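Colleague: I would like to learn how to read a few backbone features. Can we take them one at a time?

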Amino acid sequence: MIFLRIIKFLSVVLSIMLLILAFAGCKANDGYPVMVGDTEITEPPKTVAVISKQAASAIYALGYKSYLVGAPAEFLETEIEGITNLGETMFIDFEKVYELSPDVLITPAELTDSVKENLKARDITVVLLLTPTKYSEVAPYYEALSKLFLGEEKYLEAYDPYIGENERIISETKTSLSGVTKRVALYVEEGFVATGDTIAGQAMEKAGMVNIAAEHTDYMMSFADIKAADPEVIFCPAGLSETILKEETYKDLTAVKNAAVYEVDVEALVYASEGFAATLQSMSKYLLQ
């Protein structure tokens, strides 16, 4: 009898332990599986490699840079410890990806069948996330990445601090610029400006700025059109303001005559990355002078 009681007692204890372990396992993966793009993610990744600067920038902005083990050369302008240079976006060295064997590889475009087979053989999950090209596509992009790291139930913990804070700052910036009609040009690099079809151009307008390139596309606006629009303020990347101020071509622009050419974090606007809304806010302070 005593033996049978011991067996029953151990059975009950074992059942309770199994329930605790099952519950703990369930809690560890709250919100999974989750769909990210067209891929089902069954658990949070420990390591991630990306082959687009946009994805790497977004992961940094969300606060998950410690998960990043591989990124394209365009993102790694300076060496970053712990992150492998995978080569140029158009010429990714997939052998390096195979060697890294990350849990997840994020790609902005379809991969070849042979690459997909090699990734599958190494249990590397491929997530296809198209690079956002419009302001309206930024939030869904960040939502997808937030779900990758935190699952369906907790993704707002990563998403809200970035997207929510951006929306708040942009709304405040628009209010502060109410009635300000200064014509603005944002140079992405010499010869290219933020046009109305780009994230940067649309963000400027959303923040209440009068973008002279709003009706143009693909970062292209002829200098004749720029001269006709005559920007009163020009924003540009670090190192370009001196060229704009001193080059003979620009001398008749109002912005140049008034030395209203300011360097800002243009990349943050182009890639909707860390410092996105803060850059718009800093631009507004120049417009309020």
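Predicted model: local features only at pLDDT ≥ 70, side-chain atom pairs only at ≥ 80, totals over all residues.

Colleague: In what order do the five strands of the open sheet run, and is the pairing parallel or antiparallel?

Modeller: The general idea first. Sheet strands pair through backbone hydrogen bonds, in parallel or antiparallel fashion. Here the order is 5-4-3-6-7, and the pairing is parallel. Strand 5 (84–85) and strand 7 (125–128) are the edges. Each has a single partner strand, so one side of each lacks a neighbour in the sheet.

Colleague: How many bridges join strand 4 to strand 5?

Modeller: Two, with strand 4 covering residues 68–71. Within this pair, Ala71 is opposite Asn85 of strand 5.

Colleague: Which residues does the cis peptide bond join?

Modeller: Look at omega. The bond between Tyr32 and Pro33 is cis, with omega about 5°. Pro33 sits in the loop from helix 1 (2–28) to strand 1 (34–36).

Colleague: What is the phi of Tyr219?

Modeller: Near 65°, again positive in a residue other than glycine. Tyr219 belongs to the loop between strand 10 (210–211) and helix 8 (223–229). Its relative accessibility is 24%, so Tyr219 counts as partly exposed. The cut-off for buried is under 20%.

Terms used
Residues numbered from 1 in each chain as written. Heavy atoms only, no water. Pairing = 2+ DSSP bridges. Helix = DSSP H or I, 4+ residues; strand = E, 2+ residues; numbered from the N terminus. Buried < 20%, exposed > 50% of the residue type's maximum accessible area, 1.4 Å probe, protein only.
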